[in-house]
Amino acid sequence: MHINWNALSHVALVSVLFGAGLPILFAFGVTAISRRAAAIEEKKPPSVVDSSVAALCFAACVAAVLYGLYLMIPQFH
Amino acid sequence: MHIVGGLIEMDLSFLVVVVIITALVFDFTNGFHDTANAMATSIATGALRPKVAVALSAVLNLVGAFISTAVAKTISGGLVDDSKITVPIIFGGLVGAILWNVVTWYFGLPSSSSHALFGGLIGATWVAAGRDAVNFQNVVQKIIIPAVAAPVVAGGVALLGTFLAYRITRRARKTSVHDGFRSGQIASASMVSLAHGTGDAQKTMGIITLVLITSGSLAKGSGPPVWVIISAGLAIALGTYFGGWRIIRTMGKGLTEVESPQGFAAETSSASVLLASAHLGFPLSTTQVCSGSILGSGLGRRRAQVRWSVAGRIAMGWLFTLPAAAVVGALSGEVANSGNAGVVIVAVVAVAAAGAIYAASRRKPVTAENVNEYPSRAPATPATPATPATPADPATPATPADPAAAA
């Protein structure tokens, strides 16, 4: 029985990077959104930091989706 | 018989026509069996309404079928000696796979359609061409090892993603978190669906193309004709839209109670593992990846309870996929090999069996309306000593163990 550990570990590594990285990014984005929403409710101006963190996190998620589409659609290669 | 496809007109024998139809039926079962992989958690968390979820998944499967038509060059990928494969063997293999898909659907078990197909082909080839025509080393290599690796990798990734997502958002407002991840789930589920569509419809296209080549209707090395691409894409999309609600219920509600951050983590894990495995040379089965991810997302949230009895039943299903499909495939292939009468007998018996299972499923139907109601039975974990068996508690109406709906 031969297991291609090399390929398997590569798959695991890349999977962790994207599969756990995206929920992390998204979670930070959602947390920032939540702080913004709380500020707006208290009639305070939302902090620029929260807005930019949210925007950056979600932009990174969108980029990952686009990369996934690039991988899936052979016409792009 | 005369089928017009693009510019090619072909005369096809009775057997070839039957096998093409059977392949499309397999594609259909592949679709409804795998809807759950992408959409179960989105339906469970309410990110998408059930009907919308299956419609979206169907469209993405159809799109996937069209954008990726790089079909397999061999039917079995080296599991059996491809030179020994005849059209009746393919027919037998397909029948074995279809019946296994229908049986596992009845029990609400996610199981790999590719494994069922390979099992059917192995059985049919074994009986028709002898044991030597089966490459057991490749069976271990391409089926058994990935089947163990897939849930472990995907489950680990989803566990980590879920745990961290809850940790990061623990101070955020519950509504923002749940609504946010719910929106994210639409994208993550769509990615899983599309990944599925670019991979699975090709299996059927490959089979039909190779049948046409074997029967001399197409030149060696041809790609799939347009009508094959369209019909295979439509078959899998229709199957997806039909919705394997029984399996969706098991994966969305049965394995564990899924909240939207878990659903998102499970789906991103599935999409990442599927794409990574496809591009880094270690192909993994969609069903095993997605089941592993959902299990992992259950383990990653502290208060979530994983029903290990359900997980165990799913694992048993995976264990039996290959041998069960192989036995049916062997029988069907053997009978079909005797000529057109045999083919008709196999087809009639298979349709009757599938029809009987469908009829049985109607007694306790699972539909878009009740898909999110997992029958509450005795808790999966052994009851704590603090709760003695109370006879007939009027507050909780006793739910008789119902194997059809719960299994």
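1. In chain B, the crossing of H6(B) with H7(B) is right-handed, a crossing being right-handed if the near helix is turned clockwise from the far one by less than a right angle, and left-handed if anticlockwise. Helices here are DSSP runs (H or I, at least four residues), numbered from the N terminus. The two helices pack at an angle of about 135 degrees, and their axes are 9 Å apart. Axes are lines fitted to C-alpha atoms over the stretch in contact, and angles run from 0 to 180 degrees between N-to-C directions. H6(B) and H7(B) are therefore oblique to each other; angles under 35 degrees count as roughly parallel, over 145 as roughly antiparallel, 65 to 115 as roughly perpendicular and the rest as oblique.

2. This is a predicted model, in which local features need pLDDT of at least 70 and side-chain atom pairs count only at pLDDT 80 or more, while totals for chains, interfaces and linings use all residues. Residues are numbered from 1 along each chain as its sequence is written, chains are lettered from A in the order in which they are written, and side-chain values use heavy atoms, with hydrogens and water left out.

3. Contact (heavy atoms within 4.5 Å) between H6(B) and H7(B) involves, among others, B:His196, B:Asp200 and B:Met205 on H6(B), with B:Trp227 and B:Ile236 included on H7(B). The residues of this contact comprise 9 nonpolar, 3 polar and 1 charged. For these classes, Ala, Val, Leu, Ile, Met, Phe, Trp, Tyr, Cys and Pro count as nonpolar, Asp, Glu, Lys and Arg as charged, and the others, Gly among them, as polar.

4. H7(B) also packs against H1(B): their axes come within 6 Å and cross at roughly 40 degrees. That angle makes H1(B) oblique to H7(B), and the crossing is right-handed. Among the residues in contact are B:Asp27, B:Phe28 and B:Gly31 of H1(B) and B:Ala235, B:Gly239 and B:Phe242 of H7(B). By class, this contact has 10 nonpolar, 6 polar and 1 charged residues.

5. Helix H1 of chain B (residues 14–45) packs with helix H3 of chain B (residues 87–106) at an angle of about 25 degrees, the axes being 9 Å apart. The contact includes B:Leu15, B:Phe26 and B:His33 of H1(B), together with B:Phe91, B:Ile98 and B:Trp105 of H3(B). Its residues divide into 17 nonpolar, 6 polar and no charged. H1(B) passes H3(B) in a left-handed crossing.

6. A:Val11, A:Phe26 and A:Met72 supply 20% of the area that chain A buries against chain B, more than any other three residues. The contact takes 35 residues from chain A and 38 residues from chain B.

7. How many salt bridges are found across the interface of chain A and chain B? The rule (a side-chain nitrogen of Lys or Arg within 4 Å of a carboxyl oxygen of Asp or Glu) finds 1 there, and the count over all chains comes to 8. The side chains of A:Glu41 and B:Arg173 meet in a salt bridge at 2.9 Å, N to O. A:Glu41 lies in helix H1 (residues 5–41) of chain A, and B:Arg173 in the loop between helix H5 (136–168) and helix H6 (174–214) of chain B.

Definitions and conventions: Buried area is the accessible area (1.4 Å probe) that two parts lose on being put together, summed over both.
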